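Have a look at the picture first, then read on.

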Amino acid sequence: MPTILVTMNRIKEVLKQKGIKQIWLADKLGKSYNMVNGYVQNRKQPRLGILMSIAEILQIDVKELIISNKETK
């Protein structure tokens with residue numbers, strides 16, 4: 001049975017836009033590369049505190065890392 005990955009965060013897109021590597025983010029967060037890669041690939045979702053730390057490190061609003069559950073009209 002195939003695994004269905006649901007995209008719940010935009011960490012991958014933001015890193016790409018800013019030209020930042022996952023290993024750099026892992027170092028700044030004090031997390032392993034594997035943990036950050038799990039967040040980036042949406043295999044794991046970071047807790048809110050971690051998400052806020054990522055936003056602070058990337059100098060963006062935390063809302064930019066989250067995919068909205070509301071439809072735009």
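Where does glutamine 45 lie? Glutamine 45 sits in the loop between α3 and α4. Keep in mind that this is a predicted model, where local features need pLDDT of at least 70, side-chain atom pairs count only at pLDDT 80 or more, and totals for chains, interfaces and linings use all residues. Residues are numbered from 1 along each chain as its sequence is written, and side-chain values use heavy atoms, with hydrogens and water left out.

**The whole chain**
- You'll find four helices and zero strands here, running α-α-α-α from the N terminus on. (Helices are DSSP runs of H or I with at least four residues, strands are runs of E with at least two, and both are numbered from the N terminus.)
- Of the 73 residues in the chain, 30% are buried. (Buried means under 20% relative accessible area, exposed means over 50%, and partly exposed is in between, with a 1.4 Å probe and protein chains only.)
- The accessible surface of the chain is about 5,700 Å², and 53% of that belongs to carbon and sulfur atoms. (Areas come from the Shrake-Rupley method with a 1.4 Å probe; for residues, only the protein chains shown count as cover.)
- Take the contacts between residues at least 6 apart in sequence: 57% of them join residues at least 24 apart. (Contact means heavy atoms within 4.5 Å.)

**Helices α2 and α3**
- Two packed helices are described by the angle between their axes and the distance between the axes.
- Helix α2 (residues 22–29) packs against α3 at an angle of about 115°, with the axes 9 Å apart. (Axes are lines fitted to C-alpha atoms, for helices over the stretch in contact, and angles run from 0 to 180 degrees between N-to-C directions.)
- On the α2 side, the contact is made by Gln22, Ile23, Leu25, Ala26 and Leu29; on the α3 side, by Tyr33, Val36, Asn37 and Val40.
- Helix α3 has Val36, Asn37, Gly38, Tyr39 and Val40 as its buried residues, and their cover includes α1 (11–18), α2 and α4.
- Tyrosine 33 belongs to helix α3 (residues 33–40), and it counts as partly exposed because its relative accessibility is 39%.

- Glutamine 45 counts as partly exposed, because its relative accessibility is 34%.
- Leaving aside neighbours within four places in sequence, glutamine 45 touches Met8, Asn9 and Tyr39.
- Glutamine 45 and methionine 8 are 37 residues apart along the chain, with 7.6 Å between their C-alpha atoms.
- Asparagine 42 is in this loop too, and it is buried because its relative accessible area is 11%.
- Most residues other than glycine have a negative phi.
- Just after α3, though, asparagine 42 takes a positive phi of about 60°.

**After α4**
- Glutamine 59 is found in the segment after α4. Its phi is positive, about 55°, although it is not a glycine.
- With a relative accessible area of 72%, glutamine 59 is exposed.
- Lysine 63 is in the segment after α4 (48–58), and it is exposed because its relative accessible area is 63%.
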